[in-house]
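Dear colleague,

Please find below the structure that I am handing over to you. My notes on what was found in it follow.

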Amino acid sequence: MILEKLNWRYATKKMDPSKAVPEDKVERILEAARLAPTSSGLQPYEIIVVSNPEVRARIRDAAYGQAQITDGSHVLVFAAWDNYTPERINKAFDLVNDQRGFVNEGWEAYRKQVLGMYTPRDAQVNFEHAARQAYIGFGLAITAAAFEGVDATPMEGFEPAKVDEILGLKEKGLKSVTLLPLGYRQADGDWLVNLKKVRRPASDFITVVK
């Protein structure tokens, strides 16, 4: 089932502006990303869901005019923490304690280890680490979209500083990393839709060490 869905999906080039993705499907795609694993469970990124046509038009301008941003009905902006701070790390660890209803000595020792490892590092190093975590959720969102029969176009081709300004991300301590427009393909206007999906063969891609 999953392989069938992944073979169905592709980086849609032309979306049908008359078809909007139902909110329940968007919610399930977002939930898949929320459930993604992250280093130390910190979830150091957020997802901004943009359906407002005017805001999406501004994002399109910052993304070199890629039409999927406005022809689709939603754009998911994956934005990573600009830095790891004691407040952010402690909030994540406190949430675990609150949700599980107990404090574990080993977990608290690990908290101190994470604080001691992450917070002294350069902010750019920490942002790049957080961005890599965002990509895990990004991948699961793409997979979930395929499961929902929703087309999605992964995008790195945009000007992050402009998107950050449009969405007010700097004030939130966030930096945009990737964009994921959601919509439905308009097959008669998409040059890629009927082309064979090409990937390196498994023999050239996978190494098995026994």
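**Salt bridges and the surface**

Arg34 counts as partly exposed, at 49% relative accessibility; buried means under 20% relative accessible area, exposed over 50%, and partly exposed in between (1.4 Å probe, protein chains only). Please note that this is a predicted model, in which local features need pLDDT of at least 70 and side-chain atom pairs count only at pLDDT 80 or more, while totals for chains, interfaces and linings use all residues. Residues are numbered from 1 along each chain as its sequence is written, and side-chain values use heavy atoms, with hydrogens and water left out.

Arg34 forms a salt bridge with Glu31, their closest N and O atoms being 2.6 Å apart. A salt bridge here is a side-chain nitrogen of Lys or Arg within 4 Å of a carboxyl oxygen of Asp or Glu. By this rule the count comes to 11 salt bridges. Glu31 is also partly exposed, at 32% relative accessibility. Both Arg34 and Glu31 lie in helix α2, 3 residues apart, about one turn of the helix. Helices (H or I, at least four residues) and strands (E, at least two) are DSSP runs, numbered from the N terminus.

Helix α2 also holds Arg28 and Asp24, which lie 4 residues apart, about one turn of the helix. Their side chains meet in a salt bridge (3.4 Å, N to O). Arg28 is partly exposed at 41%, and Asp24 is partly exposed at 39%.

In helix α6, Glu108 and Arg111 lie 3 residues apart, about one turn of the helix. A salt bridge joins their side chains at 2.8 Å, N to O. Glu108 is partly exposed, with a relative accessible area of 21%, whereas Arg111 is buried at 8%. Elsewhere, salt bridges that share partners join Asp24, Lys25, Arg28 and Glu148 into one network.

Met1, Ile2, Leu3, Leu6 and Phe147 make a nonpolar surface patch of about 500 Å². Patches are made of residues with over 30% relative accessible area and no salt bridge, with like charges joined within 9 Å and nonpolar side chains (Val, Leu, Ile, Met, Phe, Trp, Tyr) within 5 Å; accessible areas come from the Shrake-Rupley method with a 1.4 Å probe, and for residues only the protein chains shown count as cover. Helix α1 (residues 2-8) gives the most to the patch, with 3 residues. Phe147 is found in helix α7 (residues 123-147) and is partly exposed, at 38%.

**The interior**

The largest nonpolar core has 50 residues, of which Leu167, Leu179, Leu180 and Leu182 touch the most other members. Such a core is a set of buried Ala, Val, Leu, Ile, Met, Phe, Trp, Tyr and Cys residues joined through side-chain atoms within 4.5 Å. Helix α7 gives the most to this core, with 9 residues.

Two buried residues in loops also deserve mention. Ser73 lies between α4 (68-71) and β2 (74-81) and is buried at 10% relative accessibility. The side chain of Ser73 reaches the backbone nitrogen of Val21 at 2.9 Å. Thr12 is placed in the loop between α1 and α2, and is buried at 0% relative accessibility. Not counting residues up to four places away in sequence, Thr12 touches Gln68, Asp151, Ala152, Thr153, Arg185 and Asp190; contact means heavy atoms within 4.5 Å.

Yours sincerely

How values were computed:
Polar contact = N/O pair within 3.5 Å; in protein donor to acceptor, adjacent residues only side chain to side chain.
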